[in-house]
Amino acid sequence: MTRTRADDYEDKKATILDKAAALIARKGFDQATMQDVAKACGTSKSHIYHYFPSKEELLYAIVHDHITRQAEDLTRIVAQALPAEARFQQFVESFMQGAARERDEHIILMNDLKYLPRTELRTIRSLESSMTELLNGLLEELNPGLMETARVRKPYALLLFGMMIWTFSWYRPSGDIGPKELAARISHLFVHGFKAGDAGAVAQRISSPTASSLASKARAARSS
């Protein structure tokens, strides 16, 4: 006979995920045990195993739920019939607000993916890639000329994602600057610098005799 799920099954599962995320974000996946999770939830280890048969499955559920919510929201934003800059600002705000709201899950996504089994890791990486492609599309709309060179398309998106992701290694939402204001400042900083960019001018500065001379002098100074 198939066991019937309790009416509060999903609520209890969500509570475990929340408590486990707070614990793992604080201690690290390698240091946190299922007994620690059970204690944080005020229940038994066997009860935790009823919902998550292994610690790795618990980790996967935490990061998969978090990044799936992010990806769905960002996909919805990009699909709107709004100017590219407005959608870009919403994209950044949504990402920052979501990471601030689920900071524990975000920290785990930054630090503990290496503990996932290979198949689950590929799924998470695929979701991350889909968000990068969404951002690439927005950046191409903002400045098609700068993004026409294939070799620079991904670096621009990854530069912005790097700025947003690693901000949460030091940023606290309860500080002087709230997530909404921080997102607005990031959007303004990136968008206005990005729109002013000219691929030819950038390449010319890199390859100019002055730039080459300065680079040679810097290398010589380091080796002396």
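Why do the end C-alpha atoms of helix 1 lie 27 Å apart? Select residues 9–27 to find out: at 1.5 Å a residue, these 19 residues should span 27 Å, so the model agrees with expectation. (The expected span is 1.5 Å times one less than the number of residues; helices are DSSP runs of H or I, at least four residues, numbered from the N terminus.)

You are viewing a predicted model, where local features need pLDDT of at least 70, side-chain atom pairs count only at pLDDT 80 or more, and totals for chains, interfaces and linings use all residues. Residues are numbered from 1 along each chain as its sequence is written, and side-chain values use heavy atoms, leaving out hydrogens and water.

Stay on helix 1 and colour Tyr9, Ile16, Leu17, Ala20, Ala21, Leu23 and Ile24, which are buried (under 20% relative accessible area, 1.4 Å probe, protein chains only). Now show their cover, which includes helix 2 (34–41), helix 3 (45–51), helix 4 (55–78) and helix 6 (103–111). Just past the end of helix 1, click Gly28, whose phi is positive, about 95°.

Next, select residues 33–52. An unreviewed UniProt entry annotates them as "DNA-binding region", and such annotations may be inferred rather than shown by experiment. This stretch is 75% helix and 0% strand.

Finally, show helix 4 with helix 7 (residues 118–142). Their axes, lines fitted to C-alpha atoms over the stretch in contact, come within 10 Å and cross at roughly 20°. The two helices are therefore roughly parallel (angles under 35 degrees). Residues making the contact (heavy atoms within 4.5 Å) include Tyr60 and Ile67 of helix 4 and Leu127 and Met131 of helix 7.

Methods
Buried < 20%, exposed > 50% of the residue type's maximum accessible area, 1.4 Å probe, protein only. Axes fitted to C-alpha atoms, helices over the stretch in contact; angles between N-to-C directions. Parallel < 35°, antiparallel > 145°, perpendicular 65-115°, else oblique.
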